[in-house]
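Thanks, everyone; I would like to take a few minutes on strand pairing and on nonpolar cores. Please have a look at the structure first.

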Amino acid sequence: MQQEVVLAMLAKEPSHGYELQARLGQALGPLAEGINEGQMYVTLTRLEKGGFVARVDAPTERSDRKVYCLTPAGQERVTEWMSDVSWPRPDLSEFHMKLIVAAQGALADPISIVDAQRRELLRRLRDVTSAAMEEREGSDAALLLEGIVLRLQADLRWLETCETSWTERSKNR
Amino acid sequence: MTTEEPMKEPEKSLVRARGLRKEYGRDEGLVRAVDDIDLDIARGETVAVMGPSGCGKSTLLHLLGGLDRPSGGELWLDGRRIDRLDERALARLRRREIGFIFQAFHLMDELTARENVELPALLAGRSPRDARTRALSLLEEVGLADRSNHLPSALSGGQRQRVAIARALVNEPTVVLADEPTGNLDSTATYEVLRLLARLRSSGLTIVIVTHDERVAATTDRLISMRDGTFVDQTRLTGGTRGSLADLAGLER
């Protein structure tokens, strides 16, 4: 889990790792299933070493009972993160190039590459849609799942555009 | 991988088309909306047909449901040849064998939810008591038992479509045909309809859905892509992904 997310969760109140983990599970729903619990403790330990969080409990407590709070440096990093507008970049150029070099080098039919890719994305969409159907309406996880659905739909539409274009090109060849 | 499994035996198909054609206009202006299509749909199968506007997918659905007559080819429903039925037999077929679901719901505004569901049952000759019992039980099945006396105008889009689905089922159709069933719905209502379709599917109903919505298509057994009146791709969608949902969300583990 990203360090900033863990830090920002501590802004609410000092917490145990397992409390943070539970809040994460609440927000992510079925998406939290793949997340390793140990990762939270690793992240907290790293943040402590970096001076972004500090222990507020007795140092003699068991390690899974450690309660952490934000330090001023941690607080500053959270503020920075909140105003950050970076966004994951979809890397479509690799697939785009695959189609072009496939056609140029007669390596494969670009249209069948598009078809295979479309099947794969449809399978993913099927999984996410099933998860979304099981989610309670208006839950945090439903909102996230909807985002994944919309991105997959956008990708599928692009693949459709690719297919139309490559079909035209093969006709004109 | 699950791409190409052998098709079911033709004689076991619930819906079977051979060389199905629908043409409009003539000479220079001839349009082949459905161009020599072969199709087999097994009992209990759910099929989505996708494609750009004007690819012929709605025309195909209309042919399958007897709303329109083919220009050529053969069409069977449940072992019975239906492309040559006269108008009266066709009307009877539409009423008893086919359940239609439309994008714009097509509910009667002046009738309550229950009356809308009852109507096709009464037209098919069921007794008023039987029609009412069936309508109420179907409305319960689609989660609208407490809305049975509401007019469509008092229902949300998702609720209206669920009434329309109950209506499509009232005569226990052999096959359900849906034309853009989520086309007029927001995301929440789309999931209401998807949940319901998933339930119908697991109850063994045969459903053909024409749709632009990839979500709808992704939850069927088979996806047919149509272009210029013909099928350009068919995909069986039984498999899941190899990755996990968390990967799809870009979560680090």
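Let me begin with strand β2 (residues 53-55) of chain A, which is joined to β3(A) by three bridges and runs antiparallel to it, strands being DSSP runs of E at least two residues long, numbered from the N terminus, as helices are runs of H or I of at least four, and two strands pairing if DSSP finds at least two bridges between them. This is a predicted model, in which local features need pLDDT of at least 70 and side-chain atom pairs count only at pLDDT 80 or more, while totals for chains, interfaces and linings use all residues. Residues are numbered from 1 along each chain as its sequence is written, and chains are lettered from A and ligands numbered from 1 in the order in which they are written.

Within that pairing, V53(A) stands opposite L70(A). Strand β1 (residues 15-16) of chain A also pairs with β3(A), antiparallel over two bridges, with H16(A) opposite V67(A).

Turning to the cores, meaning sets of buried Ala, Val, Leu, Ile, Met, Phe, Trp, Tyr and Cys residues joined through C-beta atoms within 7 Å, where buried means that 20 or more other C-beta atoms, placed from the backbone, lie within 10 Å of a residue's own, the largest has 95 residues, and among the members touching the most others are V128(A), L145(A) and V49(B). Helix α7 (residues 140-172) of chain A gives the most to this core, eight residues. A second, separate core of six residues includes I111(A) and W166(A).

Conventions
A residue is buried if 20 or more other C-beta atoms lie within 10 Å of its own, exposed if 12 or fewer, and partly exposed in between; C-beta atoms are placed from the backbone.
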